[in-house]
Amino acid sequence: MFFPTYRPRRLRETPNLRRLVRETRLSVENLVYPVFVTHGTNVKREIPSMPGNYHYSVDTLVNEAREVAALGVPALLLFGLPDKKDEAGSEGYAKSGIVQRSLRALKKAKPDLLLITDVCLCEYTSHGHCGVLTKDGKIDNDATLPVLAQIALSHAEAGADMVAPSDMMDGRVDAIRQSLDMNGHKNIPIMSYAAKYASGFYGPFREAALSTPQSGDRCSHQMDPANSLEALREVALDVDEGADIIMVKPALAYLDIIAKVKEEFNLPVAAYNVSGEYSMVKAAAANGWIDGERVMMEILTGIKRAGADIIITYHAKAAAKVLGR
Ligand code: PBG
């Protein structure tokens with residue numbers, strides 16, 4: 001295509017003209033705010049590597065949820081910090097577990113705020129891996145599936161509106177779907193971390209969630225950053241098992257994957273703008289090297305432009321404030 005008379009500048013001349021022809025509209029409705037909840041009361045402890053994000057106890061989280069909802073953000077994604085970790089990660093599915101308690105309190109205080117829960121073992125196991133281990137210390141994929149199904153069910157029973165398995169075990173969407181269906185939760189959707197890469201960008205999260213593996217890494221179940229066809233295969237498997245929303249994670253180094261997944265599958269796509277992506281912006285802005293707010297909006301718009309319908313981001317509150325101006 002070549003237009004000899006086209007002058008791109010004509011459509012950029014004034015702010016209102018730019019508004020009229022803008023192709024991507026980021027909205028507060030696209031955002032999900034991840035939060036970390038811990039035991040105790042009156043706790044609101046800033047996470048050093050993620051300024052502006054905190055460990056909350058249930059009571060302070062309820063206040064935070066009211067604020068988030070008032071800003072128009074539709075959903076929270078909950079991560080739990082258990083009291084005690086053990087080999088099996090048993091607080092993950094305990095009725096009195098920290099996420100289960102938060103769900104009951106949040107549902108009571110703010111019934112219409114959508115509550116999504118992270119379903120994984122790494123926050124709950126003493127060894128910090130995303131599954132149960134065999135005798136020789138490898139993750140036992142198949143033995144982990146019933147545990148994940150039990151965690152998801154316990155979340156649904158406590159009031160979760162959607163579950164989000166982030167473990168990357170093969171077959172977990174199917175296991176979770178069956179356990180939800182058999183126990184009266186046919187209408188609880190699954191947002192699966194379908195294409196999750198083995199990434200250095202999770203660094204601050206592992207500090208925040210105290211979930212760094214005690215030995216080894218997550219390369220046996222998370223994807224090689226060099227692969228994109230593999231992402232489409234991973235997503236296809238999860239779709240086949242019944243995922244309702246498919247996620248790509250991280251977002252920024254994987255915008256091409258978001259675009260491909262959006263094109264290939266006729267399902268809502270979520271992108272996780274992960275901790276390291278957040279912390280880099282905050283650190284550079286704190287040093288005066290970039291305009292943090294401007295870069296935040298540019299990043300979120302870029303993720304949306306790539307094809308994400310849902311953006312999970314630690315910037316959610318700040319971005320909601322900008323969008324509401
Ligand atoms: C695993 C999980 C991780 C993140 C979300 N869920 C960490 C990991 O896979 O190591 C990372 C999110 C982030 O970096 O913000 N339960």
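Start with helix 2, residues 58–70, and helix 3, residues 98–109, in this predicted model. Select both and look along their axes: the axes come within 10 Å and cross at roughly 45°. An angle of 65 to 115 degrees would count as roughly perpendicular and one under 35 degrees as roughly parallel; helix 2 and helix 3 are therefore oblique to each other. Their crossing is right-handed.

Next, show the side chains where the two helices meet. On helix 2, select Val58, Leu61, Val62, Ala65 and Arg66. On helix 3, the residues they meet are Ile98, Arg101, Ser102, Ala105, Leu106 and Ala109. Colour this set by residue type: eight of the contact residues are nonpolar, one is polar and two are charged.

Now move to the cysteines. A disulfide is a covalent bond between the sulfur atoms of two cysteines. How many disulfides does the count give? The count comes to zero, with a cut-off of 2.5 Å between cysteine sulfur atoms.

Is cysteine 120 buried or exposed? Buried means under 20% relative accessible area, and cysteine 120 has 1% relative accessibility, so cysteine 120 counts as buried.

Note on methods:
Residues are numbered from 1 along each chain as its sequence is written. This is a predicted model: local features need pLDDT of at least 70, side-chain atom pairs count only at pLDDT 80 or more; totals for chains, interfaces and linings use all residues. Side-chain values use heavy atoms; hydrogens and water are left out. Axes are lines fitted to C-alpha atoms, for helices over the stretch in contact, and angles run from 0 to 180 degrees between N-to-C directions. Helices (H or I, at least four residues) and strands (E, at least two) are DSSP runs, numbered from the N terminus. Angles under 35 degrees count as roughly parallel, over 145 as roughly antiparallel, 65 to 115 as roughly perpendicular and the rest as oblique. A crossing is left-handed if the near helix is turned anticlockwise from the far one by less than a right angle, and right-handed if clockwise. Contact means heavy atoms within 4.5 Å. Ala, Val, Leu, Ile, Met, Phe, Trp, Tyr, Cys and Pro count as nonpolar, Asp, Glu, Lys and Arg as charged, and the others, Gly among them, as polar. Buried means under 20% relative accessible area, exposed over 50%, partly exposed in between (1.4 Å probe, protein chains only).
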